[in-house]
Amino acid sequence: KSLSVSSQYHNADITITGGAGEELYLYRVVAAEGNIEDVTDLKEGSLITVVGGRSSYYNAPQMASGGILEEVVNYEVKTVAEFLAAEEGDAVYAVTGEIVGIKDLSESYNNVGITIKDGDSEVLLYRVKTFDGTNVPKINLEVGGTVTVAGKRSSYGGSPQMAAGGLLLNYVAPAEGGEEGGDDNTGDEGGSSEAVWNMGSANQS
């Protein structure tokens, strides 16, 4: 969510957000190798893994000074059609679409298979997990909802899909109320939808 890097002390103060909107302050994070100011991939909106101890400051929980930055993941936003046309590899792409199928929801492995549709294009997102470790079943994904997931392009049996381990960044529940009706004063039609779980900053280029 926020990032302040010190080239003098070779550390960074970072605030991260969880899917339910919770925030955590990571105090004086350092790079696993070299200096953190040289980690050019680190920016606001990055998905990061930091290992460190639990501390507090004036009773507010935070990560103790000296947490180690283990991983930084950035992604490029694509439509489903663009994702399907991309080459297989290690590049990470974020795609957004309406859920048209849910299968293999696993509490044991904390992942789920999701098929999404964007326009005329559909793709299977295989064994999706949450970016922050939230238990997938608790999010209550539903057909008709909208998800944004970041992952690598792969294939199975000649059919393109997102590789196992894609990260769920955002979920918007299906609209309530259907297509008819609306507020007579506003003229709006249909129901309303609301982001019920998200990264808070799930937009990158």
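Predicted model: local features only at pLDDT ≥ 70, side-chain atom pairs only at ≥ 80, totals over all residues.
Student: Okay, strands. Which way do β5 and β6 run?

Tutor: Elements first: helices (H or I, at least four residues) and strands (E, at least two) are DSSP runs, numbered from the N terminus. Two strands pair if DSSP finds at least two bridges between them. Here β5 (residues 54-57) and β6 (residues 60-63) run antiparallel, joined by 4 bridges. For example, serine 56 has proline 61 in β6 as its bridge partner.

Student: And what sits between those two strands?

Tutor: They make a hairpin with 2 residues between them, and tyrosine 58 in the turn has a positive phi of about 50 degrees.

Student: Now lysine 78: is it buried or exposed?

Tutor: The idea is relative accessible area: buried means under 20%, exposed over 50%, and partly exposed in between (1.4 Å probe, protein chains only). Lysine 78 has 19% relative accessibility, so it counts as buried. You'll find it in the loop between β8 (76-77) and α1 (80-85).

Student: What does lysine 78 touch?

Tutor: A contact means heavy atoms within 4.5 Å. Leaving out residues up to four places away in sequence, lysine 78 touches Phe83, Tyr93, Ala94, Val95 and Thr96.

Student: How many salt bridges are there?

Tutor: You look for a side-chain nitrogen of Lys or Arg within 4 Å of a carboxyl oxygen of Asp or Glu. That rule gives 4 salt bridges. One of them joins lysine 78 to glutamate 76, at 3.5 Å from N to O. Glutamate 76 is partly exposed, at 36%.

Student: Which residue pairs with arginine 153?

Tutor: Glutamate 88, with N to O at 3.7 Å. This pair links distant parts of the chain, 65 residues apart: arginine 153 is in strand β12 (residues 146-156), and glutamate 88 is in the loop between α1 and β9 (92-106). Arginine 153 is buried at 12%, while glutamate 88 is partly exposed at 49%.

Student: And what about lysine 152?

Tutor: Lysine 152 forms a salt bridge with aspartate 90, their closest N and O atoms being 3.6 Å apart. That pair also links distant parts of the chain, with lysine 152 in β12 and aspartate 90 in the loop between α1 and β9, 62 residues apart. Lysine 152 is partly exposed at 35%, and aspartate 90 is exposed at 65%.

Methods:
Residues numbered from 1 in each chain as written. Heavy atoms only, no water.
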